[in-house]
Amino acid sequence: MKTKKSWFALISLIISVVLVLTGCGGDSKEPAASGSASGSTAPSGEKKEITFMFRGGPDDQKAYEATVKKFEADHPNVKVKIIMTAADQYATKLKASITGKNVPDVFFYDPGDLKAYVNGGVLLDITQYTENNPKIDISKVWKKGVDLYRYDGKVAGQGSIYGMPKDLGPFAMGYNKTMFEKAGIPLPDKDKPYTWDEFINVNKQLTLDTNGDGKLDQWGTGLNVNWTLHAFVWSNGADFLDPTQTKVTVDDPKFAEAVQLFADMQNVHKVTPSISESQTLDTYQRWMQGQIGFFPVGPWDLSTYQKLPFDFDLIPYPAGSTGKTATWLGSLGIGVSKNTKAPDEAAALALYLSASEEGMQMLSDAKVQMPNLTDMAEKWAADTSFKPANKAEFLEVTNDYGRPMPATLTYNAEWYNLFFTDIQPVLDGKITAIEYVKQEQPKMQKLLDKAIEQEQKAVNK
Ligand code: CA
């Protein structure tokens, strides 16, 4: 039931793992080019065991166990030991394995940690396994997905490959179609985002006491600020960072406007469950029970959401002053330990799970992700045998309007996390958004300056 939340918990928690590596004395030498380019298995008779650590909900677990089993059948000389970890334990476990120098052979990691992990000697350069490999054609994988895991020693996004996308996570907006139909409200246009005013207006029409007992039974929305503020900020022409990624720009009035709208949804427009109503049942659970009109949807939700007791579909997020919709495109990486004793086998597994036709088909059929292979993703989006109808919105986010999470662009996430750690008084209506962003910018800038300094030190070492 908690797939979405688990995924979120992982990315927010995993970011802190990077701190462990600060000052860690890894070298930056290229790994010896000893592996065969085909990423094939060891000579017959020599059975190699590798460990694979990942996390996810029960559906992810089932999907990965089955896919790993298939990998073992295709690679009879390899035995994979699966280390399944609860989402909220994953960051701690990975951190412990890094400090204890006992990193699993293959593991999930956050792209925001790429540079620190490479500088800290945690990740193996797997470029050679992606070249001239008869089983893998990485030109078929989302280019922006692969580029997330490239690093040339100075700049991320180019150079050697230190992992593959386990998936790309286009974070689309969803709506409860059945609720609209019952309320007699025209369905949202999948090709034309609402303006903010239109969005608030529809939310008000959806916020209802349906049984006349004086208590609300359904609400327009109930968004988590950590995951959906971006859509409002970006579509209003503001951002967390300037284009050089060295200046925190949250004190832009356009940024404040988006934060204020967010707070006003609860305090002024009253289209979300109140604080006490959210405490009795959170908005994710309320969405699942059909009490929420608009709620975000990621591809990782689809296995769970097939069982929802209502029909839902995808639309663009409402657009602020730019008139253009925006959201983020997340990702988790699958990397190979630099200290693995079986680099060929480990790289073969990582590539099987991220870029092979067979592996990807199994994971995609389990509805725990959007396929990483672009051709397969198009077929998946057009497949009308499962909900939602407009899965093409996921492709649009991926190809067109999805942006990386701000913290993945910087050396660590501390500056970014602070914004959300401190934000509650604004959401509670105790201070205005403009006051908040003005007081927060200098604190965030200080942390970003520190991160830039750490990166320079690590690179110049
Ligand atoms: Ca009622």
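User: What makes strand 7 and strand 9 a pair?

Analyst: Two strands pair if DSSP finds at least two bridges between them. Four bridges join strand 7 (residues 172–176) to strand 9 (residues 292–297), so they pair under that definition. The two run antiparallel. Alanine 172 stands opposite valine 297 in strand 9. Helices (H or I, at least four residues) and strands (E, at least two) are DSSP runs, numbered from the N terminus.

User: What are these coordinates, and which values count?

Analyst: This is a predicted model, where local features need pLDDT of at least 70, side-chain atom pairs count only at pLDDT 80 or more, and totals for chains, interfaces and linings use all residues. Residues are numbered from 1 along each chain as its sequence is written, and side-chain values use heavy atoms, with hydrogens and water left out.

User: Why are strand 8 and strand 10 called edges?

Analyst: The open sheet has four strands in the order 8-9-7-10, with mixed pairing. Strand 8 (219–221) and strand 10 (312–315) each have a single partner strand, so one side of each lacks a neighbour in the sheet.

User: Why is aspartate 147 called buried?

Analyst: Buried means under 20% relative accessible area (exposed is over 50%, partly exposed in between; 1.4 Å probe, protein chains only). Aspartate 147 has 16%, so the residue is buried. Its place is in helix 6 (residues 143–147).

User: How do you know that aspartate 147 makes a polar contact with lysine 143?

Analyst: A polar contact is a pair of N or O atoms within 3.5 Å; within protein, one must be able to donate a hydrogen and the other to accept it, and residues adjacent in sequence count only if both atoms are side-chain atoms. The side chains of aspartate 147 and lysine 143 meet at 2.6 Å. A second polar contact, 3.0 Å, joins the side chains of aspartate 147 and arginine 150.

User: What makes the set around Phe419 a nonpolar core?

Analyst: A nonpolar core is a set of buried Ala, Val, Leu, Ile, Met, Phe, Trp, Tyr and Cys residues joined through side-chain atoms within 4.5 Å. The largest one has 56 residues, and Phe419 is among those with the most contacts inside it. Helix 10 gives the largest share, eight residues. Leaving aside neighbours within four places in sequence, phenylalanine 419 is in contact (heavy atoms within 4.5 Å) with residues including Leu229, Phe255 and Met444. A second, separate core of 53 residues includes Phe71 and Tyr117.
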